[in-house]
Amino acid sequence: MHVISSLFILALLIGLVFLGVGVLDLQYLFGVIIPYAAITLFLAGVILKVLKWAGAPVPFRIPTTCGQQKSLSFIKADNLEAPHNIWGVLGRMILEVFFFRSLFRNTKTEIKDEKIVYGSDKLLWAAGLAFHYSFLFIFLRHFKFFAEPVPQLMSIMQKLDGFFQIGVPELFLTDIVFIGAVTVLFIRRVVIPQVRYISLPADYFPLYLILGIGGTGICMRYFSKVDIVAIKQLATGLISLNPIVPEGIGIMFFIHFFLVCVLFVYFPFSKLMHFAGVFMSPTRNLINNSRVKRHINPWNPEVKVHTYAEWEDEFREVMKDAGMPLEKE
Ligand code: HEM
């Protein structure tokens with residue numbers, strides 16, 4: 001059901017562009033107003049969410065059980081798993097952000113011969129990594145539309161990406177990896193019963209949206225040609241806050257662009273915020289030194305304690321009379 005309902009929303013969004021641009025001629029709305037609104041909502045949403053997270057109290061270190069924390073000198077500490085200094089935290093963070101290290105350890109649980117067995121599951125990690133890197137590459141390559149002159153780095157990236165020079169225009173490797181990886185992530189969600197069971201529209205919709213963006217982009221590049229010069233005029237106009245919508249931009253571009261806007265608006269309210277969340281995750285970004293340093297909850301209320309010594313002082317005479325042992329005579 002969730003698989004279908006999310007697809008229906010994507011179809012509705014595409015239908016909206018056909019109606020708005022194709023029938024009602026609202027190019028300015030879809031080419032200028034919606035993109036500006038989307039980027040504003042995106043920035044405001046991300047900033048507010050990060051500020052909200054930053055305000056969440058994290059009084060204690062949260063050591064994970066993966067490695068030995070630093071304690072006694074003769075016990076070997078594992079500075080990457082349980083960092084006791086900033087270098088360990090940096091190492092753990094870099095491996096997490098660039099290589100998805102915790103996902104690499106992901107295991108799958110199956111029942112075989114009436115027994116639970118755990119196995120390695122690297123598919124999610126490989127597809128996740130492939131998707132994120134190809135997305136990043138494509139995203140950066142897109143700056144050629146917004147920058148004039150096109151920075152040399154973009155040209156180099158484009159040359160690298162079209163290395164095999166298959167077809168005209170040459171096929172970008174990242175396009176294949178991008179679509180392939182998102183498809184694997186989608187199929188995994190639908191095919192594995194346990195994963196399907198816990199999947200919600202919030203899991204399917206971003207995948208559809210990303211597939212929609214990639215699909216329309218690929219369509220524009222390889223099949224239904226669009227006027228790139230006009231698109232570049234629109235993009236540079238938007239960036240320089242002098243927006244114009246030139247004639248002759250195909251509907252496929254408006255669908256692509258609108259889906260990107262939807263992605264931007266949807267972003268701060270969705271699980272996609274993990275892109276900022278990973279940096280704020282206490283199990284990744286805190287030094288695990290609870291055995292070396294005592295961390296006291298800073299907002300603990302002042303507690304009036306009554307120590308044993310004080311208690312003994314209070315009842316010393318009575319205790320002595322009763323023949324009870326005393327710590328201090
Ligand atoms: C989340 C952001 C975006 C993603 C993931 C994305 C993805 C893609 C992909 C996969 C392609 C296929 C060809 C290629 O890899 O270059 C493509 C093409 C294209 N995209 Fe995007 N896109 C995004 C944002 C945008 C934006 C903001 C614009 C507005 C200028 C845009 C305009 C285009 C155009 C004009 C093409 C056709 C390129 C050509 O014919 O060479 N895209 N996009």
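How far does a polar side-chain atom of Asp175 lie from an oxygen atom of the ligand? The distance is 2.5 Å. Keep in mind that this is a predicted model.

Let's stay with the ligand. In the side chain of Arg141, an N or O atom is 2.7 Å from a ligand oxygen. In the side chain of His256, an N or O atom is 2.8 Å from a ligand nitrogen. As for secondary structure, the elements giving two or more residues to the shell are α5 (123-141), α6 (143-146), α10 (201-223), α11 (228-239) and α12 (251-266).

Now the whole shell. There are 20 residues around the ligand. The nearest are Arg141, His142, Asp175, Arg221 and His256. By class, the shell has 14 nonpolar residues, 3 polar ones and 3 charged ones.

Next, the iron atom of the ligand. Which protein atoms are its donors? They are NE2 of His142 and NE2 of His256, lying 2.0 Å from the iron. These two histidines link distant parts of the chain, 114 residues apart. His142 sits in the loop between α5 and α6, and His256 in helix α12. The iron site has 6 donor atoms. Their angles run from 87 to 178°, and the site is octahedral. For reference, six octahedral donors have ideal angles of 90 or 180 degrees.

Are the two histidines buried or exposed? His256 has 10% relative accessibility, so His256 counts as buried, the cut-off being under 20%. His142, at 28%, is partly exposed.

On to the aromatics. The structure holds 18 aromatic pairs. Take Phe135 and Phe178. Their ring centres are 5.9 Å apart and their planes meet at 45°, so this pair is tilted. Phe135 belongs to helix α5 and Phe178 to helix α8 (residues 173-191), so the pair ties together parts 43 residues apart in sequence. Phe178 is buried at 6% relative accessible area. Phe135 is partly exposed at 31%.

The second pair is Phe186 and Tyr204. Here the centres are 6.2 Å apart and the planes are at 70°, so the pair is edge-to-face. This pair also links distant parts of the chain: Phe186 in helix α8 and Tyr204 in helix α10, 18 residues apart. Phe186 is buried, at 18%. Tyr204 is buried too, at 1%.

Technical notes: Residues are numbered from 1 along each chain as its sequence is written. This is a predicted model: local features need pLDDT of at least 70, side-chain atom pairs count only at pLDDT 80 or more; totals for chains, interfaces and linings use all residues. Side-chain values use heavy atoms; hydrogens and water are left out. A residue is near a molecule or strand if one of its heavy atoms lies within 4 Å of it. A polar contact is a pair of N or O atoms within 3.5 Å; within protein, one must be able to donate a hydrogen and the other to accept it, and residues adjacent in sequence count only if both atoms are side-chain atoms. Helices (H or I, at least four residues) and strands (E, at least two) are DSSP runs, numbered from the N terminus. Ala, Val, Leu, Ile, Met, Phe, Trp, Tyr, Cys and Pro count as nonpolar, Asp, Glu, Lys and Arg as charged, and the others, Gly among them, as polar. Donors are N, O and S atoms within 2.8 Å of the metal (3.2 Å for Na, K and Ca); water is not among the atoms, so sites may look incomplete. Four donors count as tetrahedral if all angles lie between 85 and 135 degrees; four count as square planar and six as octahedral if opposite donors are over 155 degrees apart and all others between 65 and 115; anything else is irregular. Buried means under 20% relative accessible area, exposed over 50%, partly exposed in between (1.4 Å probe, protein chains only). Rings of Phe, Tyr and Trp (its six-membered ring) pair if their centres lie within 6.5 Å; planes under 30 degrees apart count as stacked, over 60 as edge-to-face and the rest as tilted.
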